[in-house]
Amino acid sequence: MSPETLAQLPAINAGLNSLATVFLLGAGYAIKVKNDEELHKKLMMTAFGISSAFLAIYLFYHFQVGHVEFKGEGFIKIVYMVILFPHIIMAVGVLPLILLAIKYAIQGDKEKHKKMVKWAYPIWLYVAVSGVVIYFMVFHLYA
């Protein structure tokens with residue numbers, strides 16, 4: 001892969017996280033407001049596919065370039081760390097929650113699905129949104 005193409009991957013990933021956020025919010029609206037299980041399922045599986053593509057590209061990118069340092073200093077570095085640390089912890093922990101929520105949905109176990117989603121959904125949203133914020137901080141605001 002050319003260096004120019006590799007350099008575009010963080011922006012692509014920010015776009016994927018933004019799309020995942022839109023589909024997650026749409027899925028929440030579909031089930032909570034519209035009570036449309038079929039639309040909810042389609043939107044959630046699309047969000048899952050988008051987030052899966054994100055993860056594959058993210059891992060590929062970081063295997064190629066390694067760690068990317070945040071160049072901000074002082075107070076903004078503290079702000080960055082306050083966003084980054086929970087993002088990392090939640091990003092690692094959310095995948096098993098998402099997979100269990102999908103498993104329970106496929107099995108038709110709505111009670112277990114709802115219990116899992118109480119945790120998975122807000123964590124997934126935080127990870128997706130904070131990922132975009134982190135991208136802008138690292139690659140645009142303090143590049």
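Visitor: Let's start with K114. Which helix is K114 in?

Guide: K114 sits in helix α4. Helices (H or I, at least four residues) and strands (E, at least two) are DSSP runs, numbered from the N terminus.

Visitor: What am I looking at, and how are residues numbered?

Guide: It's a predicted model, where local features need pLDDT of at least 70 and side-chain atom pairs count only at pLDDT 80 or more, while totals for chains, interfaces and linings use all residues. Residues are numbered from 1 along each chain as its sequence is written, and side-chain values use heavy atoms, with hydrogens and water left out.

Visitor: Okay, back to K114. Is K114 buried or exposed?

Guide: K114 is exposed, because its relative accessible area is 51%. The cut-offs are under 20% for buried, over 50% for exposed, and partly exposed in between (1.4 Å probe, protein chains only).

Visitor: Which residues gather in the patch of positive charge?

Guide: K32, K103, K112, K114, K115 and K118 come together there on the surface. Patch residues have over 30% relative accessible area and no salt bridge; like charges are joined within 9 Å, and nonpolar side chains (Val, Leu, Ile, Met, Phe, Trp, Tyr) within 5 Å. Lys and Arg count as positive, Asp and Glu as negative, and His and the chain ends are not counted. Each charge is placed at NZ of Lys, CZ of Arg, CG of Asp or CD of Glu.

Visitor: Which helix gives the most to that positive patch?

Guide: Helix α4 (residues 110-141), with four residues.

Visitor: New topic: how many salt bridges does the count come to?

Guide: The count is one salt bridge, meaning a side-chain nitrogen of Lys or Arg within 4 Å of a carboxyl oxygen of Asp or Glu. K110 pairs with E37, and their closest N and O atoms are 2.7 Å apart. This pair links distant parts of the chain, with K110 in helix α4 and E37 in helix α2 (residues 37-65), 73 residues apart.

Visitor: And how accessible are K110 and E37?

Guide: K110 has 46% relative accessibility, so K110 counts as partly exposed. E37 is partly exposed too, with a relative accessible area of 42%.

Visitor: What makes the nonpolar patch?

Guide: L55, Y58, L59, F63, L95 and L99 make a nonpolar surface patch of about 570 Å². Helices α2 and α3 (75-107) are the elements that give two or more residues to the patch, and α2 gives the most, with four. Areas like this come from the Shrake-Rupley method with a 1.4 Å probe; for residues, only the protein chains shown count as cover.

Visitor: Where's Y58, and how accessible is Y58?

Guide: Y58 is in helix α2. Y58 counts as partly exposed because its relative accessibility is 37%.

Visitor: Switching to H87: is H87 buried or exposed?

Guide: H87, in helix α3, is buried because its relative accessible area is 14%.

Visitor: What is H87 in contact with?

Guide: Setting aside neighbours within four places in sequence, H87 contacts Y126, V127, S130, G131 and I134. Contact means heavy atoms within 4.5 Å.
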